[in-house]
Amino acid sequence: MIKVAIMGYGTVGSGVYEVITTNQKSIDKKVGQELRIKYVLDLREFPGDPVMEVLTHDFEDIIQDEEIRIVAEVMGGLHPAYEFTKRCLEAGKSVCTSNKELVAQHGAELIQIAKDHQVNYLFEASVGGGIPIIRPLNSSLTADVILEISGILNGTTNYMLTKMDREGLDYMDVLKEAQDKGYAELHPEADVEGWDACRKIAILTSLASGNQVDFQDIYTEGITEITPEDFLYAKKMQRSIKLLAISRKVEDTYCVMVAPALIHREHPLYVVNDVFNAVFVKGNMLGNSMFYGSGAGKLPTASAVAGDMVDAARHLGKIIALFWEPQKLTLAPMEQMSRRFFVRMEADANPEALFGDGERVEAGVKGELGFVTPVMTEAEYAKKAKEAKIIHMIRVEG
């Protein structure tokens, strides 16, 4: 019998408990022996909940118990999650997590500590919720050089943009609706400013490159400036607006950014709507592939954590190789990325004189015009845009 613990009994933690207890027979069969929850750590009480039979308020119960071989860290945040995870690994206990903030900040370090103590640090749920993407990058695609990773990595913002697209709502109205439905937090900055997606693309780029990518180095732009007028233009161009996290290989490094983008209806990510997420991967041999599913939510995320726990249980005493070294990867300057840009300008503007031959877009918005520039670098666009009154700009993908 393998004894495990869960640290945190919030949304994801209660989901991990539910997945393991509900699918106990199937999980035992896949592990090859019984896998049982001995502790659930939380500061709160849960009267009437079956979890009370295994509830503890003291982390030391877990760390001192040699029977505990695997721990699920689903507390969230950096502290005390980092300290607890580090101590578990040093005590010879594998740790599985959904904590993207911790993985992005300390992933390489914790992987190395796990290796040093012959255990595993696994984090499938940290990027795509229930979407399997970490394992494919780390195993199925290891023969490929990853040329590009593009993703819709945040369900909250994707839900909000879908509502704006379909119903013509403005940002504040759709944010309130998302909060009322529980999709957006009371303080939604991590989602709407793009920070959540930024951490996730940092993790994916770290795995693709094999080196540490600091999320603080990634240019990040959220959706707070997107308006219903932007969607009027998008429809005229047969496009939609998505918050994209993009990582492209440039020589020996990657160029990474998070920003709203206009994507054409023929792009695979165009059909990813509501709270769903997707990751588009381009390999130099495989070509294009896409991973799609529920990117968040209690049971999809919990399923991924529990899946890692099963994997850890099947590899007790063996290291599951993860190609992520602590050496920092210096990213290519975002200014080098080339693309087209969609700009909204005042109706009497002359965009061709400023940007060169492009495409005007008429969407019936009074007092302004839309224009898609020719392909240019971010640096070239920034220089030209300084000379004009730009109402709004959105990058064009594909």
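# Close-up views of a predicted protein chain

View 1. The protein chain holds 15 helices and 19 strands; here helices (H or I, at least four residues) and strands (E, at least two) are DSSP runs, numbered from the N terminus. This is a predicted model, where local features need pLDDT of at least 70 and side-chain atom pairs count only at pLDDT 80 or more, while totals for chains, interfaces and linings use all residues. Residues are numbered from 1 along each chain as its sequence is written, and side-chain values use heavy atoms, with hydrogens and water left out. Along the principal axes, the C-alpha atoms of the protein chain fill a box of roughly 75 × 45 × 35 Å. The radius of gyration is 23 Å, which agrees with the value near 21 Å that a compact globule of 398 residues would have. For that check, the radius is taken over C-alpha atoms, and the globule rule is 2.2 Å times the number of residues to the power 0.38.

View 2. Of the 398 residues, 55% count as buried; buried means under 20% relative accessible area, exposed over 50%, and partly exposed in between (1.4 Å probe, protein chains only). The accessible surface comes to about 17,300 Å², and carbon and sulfur atoms own 50% of that surface. Accessible areas come from the Shrake-Rupley method with a 1.4 Å probe, and for residues only the protein chains shown count as cover. Among contacts with a separation of 6 or more, 71% are made by residues 24 or more positions apart, with contact meaning heavy atoms within 4.5 Å. The mean positions of the 42 positive and 58 negative charges lie 4 Å apart. In this count Lys and Arg are positive and Asp and Glu negative, with His and the chain ends not counted; each charge is placed at NZ of Lys, CZ of Arg, CG of Asp or CD of Glu.

**View 3. Helix α1 and its cover.** Helix α1 (residues 11-22) has 12 residues, and its end C-alpha atoms are 16 Å apart, in agreement with the 16 Å it should span at 1.5 Å a residue. The expected span of a helix is 1.5 Å times one less than its number of residues. Look here for the buried residues V12, G13, S14, G15, V16, Y17, V19 and I20. Their cover includes β1 (2-7), α2, β2 (35-41) and α13 (298-314).

**View 4. K30 on helix α2.** K30 sits in helix α2 (residues 24-31) and is exposed, at a relative accessible area of 53%. Beyond its neighbours within four places in sequence, K30 is in contact with V310 and R314. The C-alpha atoms of K30 and V310 are 7.5 Å apart in space, although 280 residues separate the two in sequence.

**View 5. Helix α8 and its packing partners.** Of the 13 residues of α8, 11 are buried, so this helix is mostly covered. Helix α8 (residues 155-167) reaches 18 Å from its first C-alpha to its last, close to the 18 Å expected at 1.5 Å a residue. Its buried residues include G155, Y159, M160, L161 and M164. The buried residues of α8 pack against β7 (146-152), α9 (171-180), α10 (189-192), α12, β10 and β12.

**View 6. V174 on helix α9.** V174 lies in helix α9 and counts as buried, at 0% relative accessibility. Not counting residues up to four places away in sequence, V174 touches M160, K163 and M164. V174 and D214 are 40 residues apart along the chain, and their C-alpha atoms are separated by 31 Å.

**View 7. D230 on helix α12.** D230 is found in helix α12 and is buried, at 1% relative accessibility. Setting aside residues up to four places away in sequence, D230 touches E225, I241, R344, H392 and I394.

View 8. Most residues other than glycine have a negative phi, and most peptide bonds are trans. A cis peptide bond joins H79 and P80, with omega about 5°; P80 lies in the loop between β4 (68-73) and α4 (81-90). Q238, which is not a glycine, has a positive phi of about 55°. Q238 is placed in the loop between α12 (228-236) and β10 (239-250) and is partly exposed, at 40% relative accessible area. D274 has a positive phi near 55°. D274 lies in the loop between β11 (253-264) and β12 (276-283), and at 26% relative accessibility D274 counts as partly exposed.
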